[in-house]
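Dear colleague,

Please find below the structure for your records. I would be grateful if you would look it over alongside the notes that come after it.

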Amino acid sequence: MTATDSYQTPDGRTIGPNVMEMRNISLRFGGVKAIQDISFDIHEGEIRAIIGPNGAGKSSMLNVINGFYHPQEGEILYKGEVRKPMKPYEIAYQGIARTFQNIALFKGMSTLDNIMTGRLTHMKTGMLEQIIWSGRAEREEVENRAFVEHIIDFLEIQTIRKTPVGRLPYGLQKRVELGRALAAEPSLLLLDEPMAGMNVEEKEDMSRFILDVNDEFGTTIALIEHDMGVVMDIADRVVVMDYGKKIGDGTPSEVRNNQDVIDAYLGVSHD
Amino acid sequence: MAASKSEKSTFASIPELVAFQAHNIPNSPAYREKEYGIWQSWSWSEAAEEIDALALGFLTLGVAKGDYIAIIGRNRPHFYWSMIAAQSVGAIPVPVYQDAVAEELVYVLDHCGAKFVLAENQEQVDKVLEIKKGLKALEHIIFLDNRGMRKYDRANLHDFKDLQNKGRDSEKKFTKTLASRRKAIKSSDVCVMLYTSGTTGRPKGVILSNHNIIKTSEASSSFDKLNASDNVLAYLPMAWVGDFIFSIGQACWTGFCVSCPENTETMQQDLKEIGPTYFFAPPRYFEGLLTNVMIRMEDASAVKRFLFSYFMDHAQKIGGNLLDGHSVSVIDKLKYAIGQLFIYGPLRNTLGLSNVRVGYTAGEAIGPEIFDFYRSIGINLKQLYGQTEASVYITQQPDGQVRSDTVGIASPGVELKISDSGEVFYRSPGTFVEYFKNPKSTKETKDAEGWVATGDAGFIEAETGHLRIIDRAKDVGKMEDGHLFAPKYVENKLKFFPNVLECVVFGAGRKFCTAFINIDLNAVGNWAERNNIAYSSYQELAGHKNVYEMIKDHINETNESLADDDMLSGCQIHRFVILHKELDADDGELTRTRKVRRRVIEDKFHDLINALYDGSSEVYTETEVTYEDGTKGAISATLAIADVTPVAQKGKAA
C-alpha cells in the first residue's frame, strides 16, 4: 500500500527504505475513538512529522508506536516484521527512544546523571558487579560517560552538566530530555512536541538540534508538533490527523496545498 | 636548534620562540582545553608538531608570503596554533571579534584583503559565506568544528584536521619551503594585525611587528617575574591585543601554559578548576563577582554573616598592607591567619582566584572599595594602563606600590610625556608600526619621533612617578578661573556610590561645578524600605528630602576627596539637582552602551542648568519622554535644587 522504496529529498539526502509501517491502526478508549484506521510508514533516515489540531490523536499515535498503547485493530511492522504487543522497555531495547510532551526527567538528579540513565540499555554489568566495582563495571562506566559527554557537547549543555535538572528553565530541560533519548543511540527517535512552550529563539535552537541529530547520526525521527511553521521547515514528510483520522500525508508542500488540511486548520464547520 | 636563555632575546619571531620552548621544555604543558568534560592538554613539543602540520597544510593551499589569514572564533588552542602557523609561512594573522555582525565582518575582511578565513563552526562559516560576494580576495575557508557541515560544498572549504593531515602527508614536498620561510622572518616583519573597535568611525587595523610583541613580552614578563610554571585562562576575545600578548607573546616567551575554557558560559567553573596564577579581567568582571558574593552572603545564616563581616573588616584594615609588605603587628597577623583559614581562603577558592600571583585590571576606572576588597583578601590585583597601539603596556603598578587611583609607573622601556593640553603621550618598543592602509590616521596619532597620543588626559604625580588618568582628552575643559574641569573623573567618583545610578557634571567655562543626579531605584528603594520612607513613584522618591540629604552626604564626601587633589579641587560640586526621570537611551540621553550624551542633555535640560547657576532654590520643568512602544508623553515636576558647601582646599582658604 505505501511505497517501501528509498527516495531523494529536495535537499539531496537519500532516504532509505521504510523501517516502520502502521497498517490500519484503530485505538479506542471505551467509547472514544482516539485513532481510526490510520496507515502510514516511516522511512529510514527521514524526519517524519505528525501534526493536527488539539485532540486529533497525535500523542495517542506516538504512544502506539512506542508500545505504550496497544491498538485494538491493525498491525505495526517494525523492520519488516509484525510487532507483537510489547512492554515499553522491550521496545526501548529495540532501539526506539522518546521524549515527552510534559518533560519526564528525574528532577533531583544532575543533567549528566539524567542523560546517563539513557545508557541503561547499553549496560551489561549487573548490580552486583557495579557494587563491587569490578574492572568490567568501571570500563563500562567510563565508556558510557564518554558517550554521554559527546552528547553534552553536541547539545551545548556543558554549563549545566552538574546542575540538578529541576533548577533548569523549561527550554533547557527539553534539551536534556532530548539528550537522554539520544544516549540510548536510538534508530528511531520519537519526539512529543519538542517545541511546546518555547520562545522563538529556543525553537530555532531545537530545530537546529533535530536537524543535526538526523544529519550527524542518521537517526530516523518521528515528531509531533503544534507549530506548523517549524514542521514545514524541518520535516521530510508530514501526516496530518484530525479527530483521529488521517486527512493528509505527503511532503510539506503537498500537505500545505491539501484542501482538507486547510479546512482542518482554518476551522471549517464539521458535520 | 639548541638555544640558551640569553639567546632568546635575539629571536626574531614567535615560531622561533615556540621551537625554543619545544626544545627546552618539550614535556611541559603549553595549551589546555576542556573538551568532553576533561582537560585535554598539549605539551610544547606536541603544540609545535600541530603548528608544523598546519603550516604545511597552509602551504598545500598555496598560502603566500604576506597573505592575510583571518581568524574568527572563541579562544581555542587550535586558533593560537593557527596564528603561529600563519606566521611560520610568512602570512599575517588577523583575529576578528567573533560576535561581529556580517556588516562589520565584511568591512574588516575586505579591508585586510583576507585570502583565508579560519572559522570556528558552522555559525561563523555561514556568516562568512553570506558576505562572500563582497570579498574578492577570499579563496579558502577552514573550519574547526565539522558539526552540521556535511552538506556544504567542499571545493574551497576545509576541515582543520583534514588540512593538518594533508600537511603531514606532504611533509617531504614542503618541509624545505617551510624551513626557509621561517628563517626569512625578520624582527621588523608584521607579527599580527588587530582591529581596534573604535568608538568613532571605522575600525582601524593596528600593525604590530615581531619586535613590538617580543620586546613587550620580554619586558612585561620580567616586570612580574612570569615563568614557565605560571598558567593563565584565555577567555577574553582573541581579537583583543591583551589576549594576543598574554596567550601568545608572554606564553611563548616564558613557556607558561594557556588554558581555554570549555565554552563561553563555563568560564567561571573552568577558572575554578584551572586556578590561574596570572589573571586579567576588566573592572566590571570584578564588580559583578563582588555583587554575587554580597548577595549570597545576605542569604547566609546569621553566624556566617557575622564571621564574614568581622573578618572582612579586619582584612580591610591590614590585608592590603600585608600584600604590600608593610609591617603589621603580630596579633593582627594572627587574626588575619584565622580569617585566612575560615573566610579569605575559601572565598578566594570559590572565586577561582586562589592561586593568583599577578592579577590585573584595566580599561576603565575601578571603584576603590571593589579594588580594596580583592586586595584585602590577599589577591594581588593591580592596575595597568594600555592600548592596542602600545602592544598593551603603557604603565603598570609594581608589587608594593598598588593604589586604586593611579594606573602605575611607566612600564619598562616606556617613555611618558604630558602635553601642554594635558594629554598623555608615550614612546616604547611596543609602539605600533602603523594603521593598515591609513597613513592619515597614523600621522595624527604617531609623530615623527615616535610619540603616540593616547587621547586621554592625565598627569604624573611628582613624588611617586605614578600616572593618573583623568578623563578623555576631548572632554576635559577649563573653568572660568582656569581650573581644570574633568567631568568624567568626578562622575565616576559619584557613581561608585550604589545610590547614584548616573550623573552629569557641568562646569566648563563656569564659576563652579554643578551636577544632575539620577538615583538608583533598587538601591535607594531598599534604603527607603529600611528607613520607613513611603513613596509611590520614582519621581516622588527622587524628590524626597531625605534622599536629598543622602545624596548631599555623597557629594560632600566626593568634594572632600577632590579637595585633596591640587589639580582637580576646582571640580567640587556646589549645587545639584536630582532628576525626576531616569536618563534613558530611548530618549537619546544615553548611548545604547549607557554612556552619557552630554550635548543632548545640555540641550534638553537647559532650564535646569540655568536654575543651577542662577541661584534659585527650585525649578518647574516639563520633559518629553518616549515610552517603550515609541509613543511620546510629557512629565512635569517642580524640582528642588540643593546647595553644597565646598570643602576648603588643604592649606588654602576657600
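Predicted model: local features only at pLDDT ≥ 70, side-chain atom pairs only at ≥ 80, totals over all residues.

Interface of chains A and B

In the model, 15 residues of chain A are in contact with 13 residues of chain B. Together the two chains bury about 1300 Å², of which 39% is on carbon and sulfur atoms. On the chain B side, Y36(B), R147(B) and R150(B) account for 49% of the area buried against chain A, more than any other three residues.

Five salt bridges are found across this interface. One of them joins the side chains of R161(A) and E262(B), with an N to O distance of 2.4 Å. Nine residue pairs are in polar contact across the interface. On the side of chain B that touches chain A there are six charged residues, six polar ones and one nonpolar.

The sheet in chain B

Chain B has an open sheet of five strands with parallel pairing, in the order β4-β3-β5-β6-β7. Strands β4 (92-96) and β7 (157-159) of chain B are at the edges; each has a single partner strand, so one side of each lacks a neighbour in the sheet. From one strand to the next, the twist averages 25°.

Strands β5 (residues 116-119) and β6 (residues 140-143) of chain B run parallel and are joined by four bridges. Within this pair, F116(B) is opposite H140(B).

Helix α3 (residues 77-88) of chain B packs on the sheet, where it touches β3, β4 and β5 and makes about 175° with the direction of β3(B). Helix α5 (residues 122-130) of chain B lies across β3, β5, β6 and β7, at about 165° to β6(B).

With kind regards

Methods
Residues numbered from 1 in each chain as written. Chains lettered and ligands numbered in written order. Heavy atoms only, no water. Contact = heavy atoms within 4.5 Å. Buried area = accessible area lost by both parts, 1.4 Å probe. Salt bridge = Lys/Arg side-chain N within 4 Å of Asp/Glu carboxyl O. Polar contact = N/O pair within 3.5 Å; in protein donor to acceptor, adjacent residues only side chain to side chain. Nonpolar A, V, L, I, M, F, W, Y, C, P; charged D, E, K, R; others polar. Pairing = 2+ DSSP bridges. Helix = DSSP H or I, 4+ residues; strand = E, 2+ residues; numbered from the N terminus. Axes fitted to C-alpha atoms, helices over the stretch in contact; angles between N-to-C directions.
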